[in-house]
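Here is a friendly briefing to read with the model open beside you. Grab your viewer, and let's walk through the fold and its ligand site together.

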Amino acid sequence: MKLRIAIQKSGRLHEDSIKLLKECGIDINNGVNKLKTEATNFPLEVFFLRDDDIPQYVEDGVADLGIVGENVVLEKGYPLETVEKLGFGKCRLAIAVPKSMAYNSVQDLHGKRIATSYPVIVKDFLKKVNIEAEIHEISGSVEIAPGIGLAEAICDLVSSGSTLFMNGLKEVENVLRSEAVLVANSKLTEEQKQLLRKLVFRIQAVKKAKN
Ligand code: PRT
Ligand code: ZN
């Protein structure tokens, strides 16, 4: 019996995900350009996927575990179990508007068009603050939307803030704080759960050693 874990194939979470497994004493081959690999000293199979696909693979039980940003987990909305926060991939999902726009409160978003790759989370946020705005879903380069007249505001991931700054935007609402998390399929067998506990125990030890 093995646990199957899905991690990002390439991108911001790839390196840190591999590093975490290594720090847990799990030896795997670095898998760029590979679909999957096996750990040599732990019953773990590693799948390399696009981050957006990870929640569904875990939900479908093709993988038992996944490492992915909370932002993606929430947007997809599957009933996965968040087992552990991992302390990397930290960012926030924020609403930003052109620097020149007068902005006093969330009321100023009323009737505006908001461009985002996170329509579900943004819709939820707008409902919570009781604002009616139009959501324009776009899949990339969200920050250029106000400049080309597609929207008056955007909602996108921010870490340093330099992308917003370079595009003449200012951050006005924090919608979500996010970091990479370990998620699990909600129907693991007892045997799988036991292995998962072993893995989580090691992850917690790695985290403790860093504090
Ligand atoms: O190919 P694949 O689909 O797997 O990757 P991807 O391109 O969809 O995702 P990727 O690798 O960019 O990000 C993976 C995860 O990293 C995200 O889902 C977040 O959980 C996390 N993360 C942390 C970030 C950022 N920080 C981040 N800054 N993801 C994206 N960004 C982008 C943001 O969208 C914006 O374009 O970086 C830009 C802003 O950065 P600053 O530093 O200029 O503010
Ligand atoms: Zn992606």
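S2 and S3 run antiparallel and are joined by three bridges, in a predicted model. Strands and helices here are DSSP runs numbered from the N terminus, with helices being H or I of at least four residues and strands being E of at least two; two strands pair if DSSP finds at least two bridges between them. Because the model is predicted, local features need pLDDT of at least 70 and side-chain atom pairs count only at pLDDT 80 or more, while totals for chains, interfaces and linings use all residues. Residues are numbered from 1 along each chain as its sequence is written, and chains are lettered from A and ligands numbered from 1 in the order in which they are written.

- Lys36 has Phe47 in S3 as its bridge partner, and the two strands S2 and S3 form a hairpin with five residues between them.
- Strand S3 (residues 44-49) also pairs with S1, in the parallel sense and over six bridges; there, Ile7 stands opposite Phe48.
- Strand S1 (residues 3-8) in turn pairs with strand S4 (residues 65-69), again in the parallel sense, over two bridges.
- Within that pairing, Ile5 stands opposite Leu65 in S4.
- Put together, the strands make an open sheet of six with mixed pairing, in the order S2-S3-S1-S4-S11-S5.
- At the edges are strand S2 (36-38) and strand S5 (81-85), each of which pairs on one side only.
- On average, neighbouring strands of this sheet are turned by 25° against each other, direction ignored; axes are lines fitted to C-alpha atoms, for helices over the stretch in contact, and angles run from 0 to 180 degrees between N-to-C directions.

**Helices on that sheet**

- Helix H1 (residues 14-23) packs on the sheet and touches S1, S4 and strand S11 (180-184), with its direction at about 145° to that of S1; contact is counted when the C-beta atoms of two residues, placed from the backbone, lie within 7 Å.
- Helix H6 (residues 190-210) lies across S1, S4, S5 and S11, and runs at about 25° to S5.

**The five-stranded sheet**

- The other open sheet has five strands in the order S8-S7-S9-S6-S10, also with mixed pairing.
- S8 and strand S10 (169-178) are the edge strands, each with a single partner strand, so one side of each is left without a neighbour in the sheet.
- From one strand to the next, the twist averages 25°.
- Strand S7 (residues 113-116) and strand S8 (residues 134-137) run parallel and are joined by four bridges, with Glu134 in S8 as the bridge partner of Arg113.
- S7, helix H4 (residues 119-128) and S8 make a right-handed β-α-β unit; right-handed is used if, with the strands pointing away from the viewer, the path from the first strand over the helix to the second runs clockwise.
- S7 pairs with S9 as well, in the parallel sense over three bridges, and the bridge partner of Thr116 is Cys155 in S9.
- Strand S6 (residues 91-98) and S10 run antiparallel, joined by eight bridges; here Pro98 stands opposite Leu169 in S10.

**Two domains**

- The protein is divided into domain 1 (3-89 + 179-210) and domain 2 (91-178), with bounds that come from an automatic or database domain assignment.
- The centres of domain 1 and domain 2, taken over C-alpha atoms, are separated by 30 Å.
- Eight residues from domain 1 and eight residues from domain 2 take part in the contact.
- On the side of domain 1 that touches domain 2, H3 gives the most, with four residues.
- That side of domain 1 divides into one nonpolar, four polar and three charged residues; Ala, Val, Leu, Ile, Met, Phe, Trp, Tyr, Cys and Pro count as nonpolar, Asp, Glu, Lys and Arg as charged, and the others, Gly among them, as polar.

**Around ligand 1**

- Of the 21 residues around ligand 1, Gly11, Gly69, Cys91, Ser160 and Thr163 come nearest; a residue is near a molecule if its C-beta atom, placed from the backbone, lies within 6 Å of it.
- Helix H3 (70-76), strand S9 (153-158) and helix H5 (162-166) each supply at least two residues of this shell, and S9 gives the most, with three residues.
- The shell residues divide into five nonpolar, eleven polar and five charged.
- Domain 1 and domain 2 each contribute at least three residues to the shell around ligand 1.
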